[in-house]
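Here are a few friendly notes to read alongside the picture. Keep the structure open and look up each residue as you go.

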Amino acid sequence: MAKNTLSSRFRKLDIDEFDENKFIDDHDEAVDNQGPDGTEIENLIRIGDTMTAFHLALRNPPLNTKNPAVKERALAIVLRVLTSFKSSDIEPAVKSLDRSGVDLLMKYIYRGFEKPSDNSSAILLQWHEKAFAVGGLGSIVRVLTARKTV
Amino acid sequence: MAYHSFLLEPISCHSWNKDRTQIALCPNNHDVHIYKKDGTKWTKIHELKEHNGQVTGIDWAPESNRIVTCGTDRNAYVWSLKGEVWKPTLVILRINRAARCVSWSPKENKFAVGSGSRLISICYFEQENDWWVCKHIKKPIRSTVLSLDWHPNNVLLAAGSCDFKCRVFSAYIKEVEEKPGPTVWGSKMPFGEGAGGGWVHGVCFSHSGNRLAWTSHDSTVQSDLSVSLSSETLPLLCVSFITENSLVAAGHDCYPVLFVYDGTKGSVTFGGKLDVPKQTSQRGISARERFQNLDRRATSSETTEQGLESLHKNSISQISVLEGGKSKCSTFCTTGMDGGMVTWDVKSLESDLKDLKIV
């Protein structure tokens, strides 16, 4: 047999790394936001101040980090806040957000849709309806085209 | 607002001649058709058959009366009218992917072609060899160039690309012109960059060349003022300045939208939806229809509108200024995937839509 069939080390080489035309996404690895603070939000939900919990949960979204655990944790906290809202409180909460806040909320809503649980779908659909009324189709397009996801 | 349906196929691209009596368009195939206006009717007078692939860009130079076309067959042709016939001249672009957009420079001594080969070809005519020569702009473009617009100084070129950026390049060719003076885009040759979140579909300089706006696939309109406007509409595919302070953009929502560029506040804001307001007939809805609506659409709403309310019935892919230039546009035209062309009159839009103010 020929000599070059003995070693299979070449199979571990990723030739795409050497492609000079390869697209390198120059994402600036900015400050890694660690996501919202779980305990503080839990306290706020317990005392019934869902609006402040909501605003806190949407602060510091972990958009830049590549660590999935951070993103999962942030998502869990946001979903906890969203599901603890009463239906009548949803609309004023959405109204209190600015444009980028609505976009961020839409991102979380769609992430929440990915794993439906017993009572999350109904409330998420209500959130979606209210956020859509403010953000329009553009906010959904931005969820689909966003390169930095929550 | 006149709507004219040319064909059933989408209009891939179009361009007008100098006095706006003729339009060259591509009906989604390998040809270019030239239609001439006779009153309110349009008759086809020429068919330009040379491309082997879909024609993706057409530009008609108003002064020199030459048409440049580019297509997915990686070629560009410059057509000159000899008598009654348009004769093509092949331009070798040296690209290995489809050409996507083409634009004559303001002085019409060169043209730029954006392509999928991640470069822009700047082509100029060399007298000694009687041949079109092209130079490439490669760095730092990382993906397909979707849209181009020339600055009025004939040297700067804005390019929007699929690598999410809009850039201003210098397309200075020393063989055909002198060095240009400084502009707001930097006195040295390159250039500025603006980053977005989606493919940059349309880019446009204002008439003076001091302002630049572009639309992106994440439903935003951005300008050199660096604050982007997130729109509530579907992504916009094309944009044009109609005055120094107003832009019109159109896209997948099938109607043009007005934006106001405010230099003092440093922002671009939504100005209004430009479309003919539809008169809805107020007829009562029968009980049977109410239940039918509930069954089909889960709402028992009054409207039995099945289609779109806008003039265009499918996405608008290109917008061009007809009269008045980019500083005081009085008419502009849109073509789209429904095969139709609409000419919009700015004065009547202002009077029809009450809240609209074109500054």
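A salt bridge, as counted here, is a side-chain nitrogen of Lys or Arg within 4 Å of a carboxyl oxygen of Asp or Glu. Please keep in mind that this is a predicted model.

1. Let's begin where the chains meet. How many salt bridges are there between chain B and chain A? The count is one. The partners are B:Glu232 and A:Arg99, whose side chains come to 2.7 Å, N to O. By class, the side of chain B that touches chain A is made up of three nonpolar, eight polar and seven charged residues.

2. Now the contact as a whole. Chain B contributes 18 residues and chain A contributes 16 residues. Between them the two chains bury about 1300 Å², with 48% of that on carbon and sulfur atoms.

3. Over all chains, the count comes to 15 salt bridges. One of them joins A:Arg111 to A:Glu114, with the closest N and O atoms 3.2 Å apart. Both residues lie in helix 5 (residues 99–114) of chain A, and because they are three residues apart, about one helical turn separates them. Is A:Arg111 buried or exposed? A:Arg111 counts as buried, because its relative accessibility is 17% and the cut-off for buried is under 20%.

4. In chain B, look for the salt bridge between B:Lys49 and B:Asp31 (3.0 Å, N to O). This pair links distant parts of the chain: B:Lys49 is in strand 5 (residues 41–49) and B:Asp31 is in strand 4 (residues 31–38), 18 residues apart. B:Lys49 counts as exposed at 51% relative accessibility, whereas B:Asp31 is buried at 11%.

5. Another salt bridge in chain B brings the side chains of B:Glu177 and B:Lys110 together at 2.5 Å, N to O. These residues are 67 apart in the chain, with B:Glu177 in the loop between strand 16 (165–170) and strand 17 (193–195), and B:Lys110 in strand 11 (residues 110–115). B:Glu177 is buried, with a relative accessible area of 12%, and B:Lys110 is buried too, at 0%.

6. Last, visit A:Thr50, found in helix 2 (residues 50–57) of chain A. A:Thr50 counts as buried at 13% relative accessibility. Leaving aside residues up to four places away in sequence, A:Thr50 touches A:Val81, A:Ser84, A:Phe85 and A:Asp89.

Terms used:
Residues are numbered from 1 along each chain as its sequence is written. Chains are lettered from A and ligands numbered from 1 in the order in which they are written. This is a predicted model: local features need pLDDT of at least 70, side-chain atom pairs count only at pLDDT 80 or more; totals for chains, interfaces and linings use all residues. Side-chain values use heavy atoms; hydrogens and water are left out. Helices (H or I, at least four residues) and strands (E, at least two) are DSSP runs, numbered from the N terminus. Buried means under 20% relative accessible area, exposed over 50%, partly exposed in between (1.4 Å probe, protein chains only). Contact means heavy atoms within 4.5 Å. Buried area is the accessible area (1.4 Å probe) that two parts lose on being put together, summed over both. Ala, Val, Leu, Ile, Met, Phe, Trp, Tyr, Cys and Pro count as nonpolar, Asp, Glu, Lys and Arg as charged, and the others, Gly among them, as polar.
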